[in-house]
Amino acid sequence: MIRLQAIERRFAVGDEAVYALNGVSLNVEKGEYLSIMGPSGSGKSTLLHIIGLLDRPTAGQYWLAGKDVTGLADEERAQIRREKIGFVFQLFHLVPRLTAAGNVELPLTLAGLPREEREERVREILAAYGLSARARHVPSQLSGGERQRVAIARATVTRPEILLADEPTGNLDRGSGREVTGIDRVFGHP
Amino acid sequence: MRGADVLRYSVHALKGYPVRSVLMLVAMAIGVAAVVLLTALGEGARRYVTGQFASLGSHLLVILPGRSETTGGHPPILGETPRDLTLDDAFALLRSMHIRRVAPVVLGSAPASWRRREREASVIGSTADFQRIRYLKLAQGHFLPEIDPRKAAAVCVLGATVRAELFGPEAALGQWVRLGDRRFRVIGVLAPQGVSIGLDLDEVVIVPVASAQALFDSPSLFRILAEARSREDLSGAVAASREIIRDRHEGEEDVTVITQDAVIGTLDRIFRALTLTVAGIAGVSLVVAGILIMNVMLVAISESREEIGLLKALGAASGKIQLLFLAEAGLLSLTGALLGAGLGLIGVWIGRQLYPALPLAPPAWAMAGALAVGVGAGILFGVLPARRAARLDPIQALSGR
């Protein structure tokens, strides 16, 4: 499903070149669950950004579902993100003025689904994550754990083939971390 | 993303920042309202002035002594002194079948007095037809009698102001007033007429043309007013007037014939140009509103970098992001422009209540133009911010950098 070969991501800091990733090769099959661990600054987020087609490697090749996506144009990369990839960000990045339902609906709107179908799917997924009562609340009215579940619901509502989560519990305190049930449910791991 | 969704998302974004949105709306509304109001004023003035002239009768000819050269070039070296227009010239015009009636006009100024009261008054010497040609209304008595125009009858008709100032509350009819060194019996008083073609008819004393010639000791006419039989006869009447006078002036065309239509046409053009000018000046405020929208949107984009980054991460193409921001700019400017048009029309309505005589009305082109320029400026100035938003790098935008 995901195949990276000799991926390199170099940043220019002043005159110096700094490597966030250097020669990373990796294979992830469909249905596989992969956890990447490492100290802060080791390039975990950069790797996720490249896999999620938000960033481009400076060298190496990337095949997604058998297709070389390394040199794709921006528009095609956006289309793949829309159709195949779900993101859960460390800071959740919920739109503050949209309700929980509105946030979850966003990727469906971008995909161009009709309104009735969107509302139906949002209702279903909010119920699945125990957020039905919170549908009309804006992020500032939600707890940390609820926000995370909204973020996960948003990442999975399009039924993506790939779900990328960048330290999804990193922004929660211990209590909220325990409250998290979304990640467990999606990945089947505690 | 569907069109309706783009609109809904933009409306939601605008509602999310009410102060910012209202400020931009107000800027655009003021610009459009300014265009509507100012062009309504210009158009009102145009209609007022041309209406005033049209009320004099649309088939009026004015024959002036002297030829006004409109073709340019140097004046003749050997001076062509125009011949004066005479009473005979005036009545010769009646030979044309296109001309129904003529009124010779002598104009001068003389002290008018009654008992101890005296004032300077414009004295018009003419004939009975002057009343018909100029549509004069009488308040009292009757107009100049139908007599031989060469006969200097000692009668006069007073303008409303002259009557009021000389006689006050006393009856004027039948009294003798002194004009210069002559005495005239008041046989009529004009109803208040107001200013018409630069002459305040309330401030005049009208006497028979021969009396005025005697009073000013001059046989020449100030001008001849002639009325064509109909609008269709107008051009024939102009040609005939020129021809008849040329024949009488030894083949020299030394008069200028002005038609009411030409005067109205000229005034019409002048006022249209004036309206266009004020529209242009007011249009600048629309551009200013557009620039304000651009500034505020640039600020909005830097404030919503995270959201833009998120939309990109969720798979929104750059074109869509651009469209979202253009839709915001378009919605704002359209709403603002419509609001401004409404405000402008309310202003026009208030103006009409305050000054009923002035037919205030914004021309249709100004309404359409103001709306189009307003919305156009909003969208045009929205392009730069929208492109900037579309170019944001999603990772940097998400991290707030």
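A residue is called buried under 20% relative accessible area, exposed over 50%, and partly exposed in between (1.4 Å probe, protein chains only). This is a predicted model, in which local features need pLDDT of at least 70 and side-chain atom pairs count only at pLDDT 80 or more, while totals for chains, interfaces and linings use all residues. Residues are numbered from 1 along each chain as its sequence is written, chains are lettered from A and ligands numbered from 1 in the order in which they are written, and side-chain values use heavy atoms, with hydrogens and water left out.

**Exercise 1.** Determine whether B:His59 is buried or exposed, and list what it touches.

Solution. 
- Step 1: Locate the residue. B:His59 sits in the loop between helix 2 (18-54) and strand 1 (60-65) of chain B. Helices (H or I, at least four residues) and strands (E, at least two) are DSSP runs, numbered from the N terminus.
- Step 2: Apply the cut-off. B:His59 counts as buried because its relative accessibility is 19%.
- Step 3: List the contacts, where contact means heavy atoms within 4.5 Å. Leaving aside residues up to four places away in sequence, B:His59 touches B:Ala226, B:Glu227, B:Ala228, B:Arg229, B:Ser230, B:Arg231 and B:Leu234.

**Exercise 2.** Describe the position of B:Ala164 and its distance from B:Gln353.

Solution. 
- Step 1: B:Ala164 belongs to helix 5 (residues 160-167) of chain B.
- Step 2: With a relative accessible area of 40%, B:Ala164 is partly exposed.
- Step 3: Between B:Ala164 and B:Gln353 there are 189 residues of sequence separation and 30 Å in space, C-alpha to C-alpha.

**Exercise 3.** Characterise chain B as a whole: is it compact or spread out?

Solution. 
- Step 1: Chain B contains 12 helices and 12 strands.
- Step 2: The radius of gyration of chain B is 33 Å, well over the 21 Å that the globule rule gives for 401 residues, so the chain is more spread out than a compact globule. This radius is taken over C-alpha atoms, and the globule rule is 2.2 Å times the number of residues to the power 0.38.
- Step 3: Along the principal axes, the C-alpha atoms of chain B fill a box of roughly 100 × 55 × 35 Å.
- Step 4: Of the 401 residues in chain B, 49% are buried. Among contacts in chain B with a separation of 6 or more, 79% are between residues 24 or more positions apart.

**Exercise 4.** State what chain A is made of and how much of it is buried.

Solution. 
- Step 1: Chain A has 7 helices and 6 strands, and their order along the sequence is β-β-α-β-β-α-β-α-α-α-β-α-α.
- Step 2: Buried residues account for 46% of the 190 residues in chain A.
- Step 3: In chain A, 63% of the contacts with a separation of 6 or more join residues 24 or more positions apart.

**Exercise 5.** Which residues of helix 6 of chain B are buried, and what covers them?

Solution. 
- Step 1: Helix 6 (residues 209-216) of chain B is mostly covered, with 6 of its 8 residues buried.
- Step 2: The buried residues are B:Val209, B:Ala210, B:Ser211, B:Ala212, B:Gln213 and B:Leu215.
- Step 3: Their cover includes helix 3 (87-92), strand 2 (99-114) and strand 3 (117-126) of chain B.
- Step 4: Just after helix 6 of chain B, B:Asp217 takes a positive phi of about 55°.
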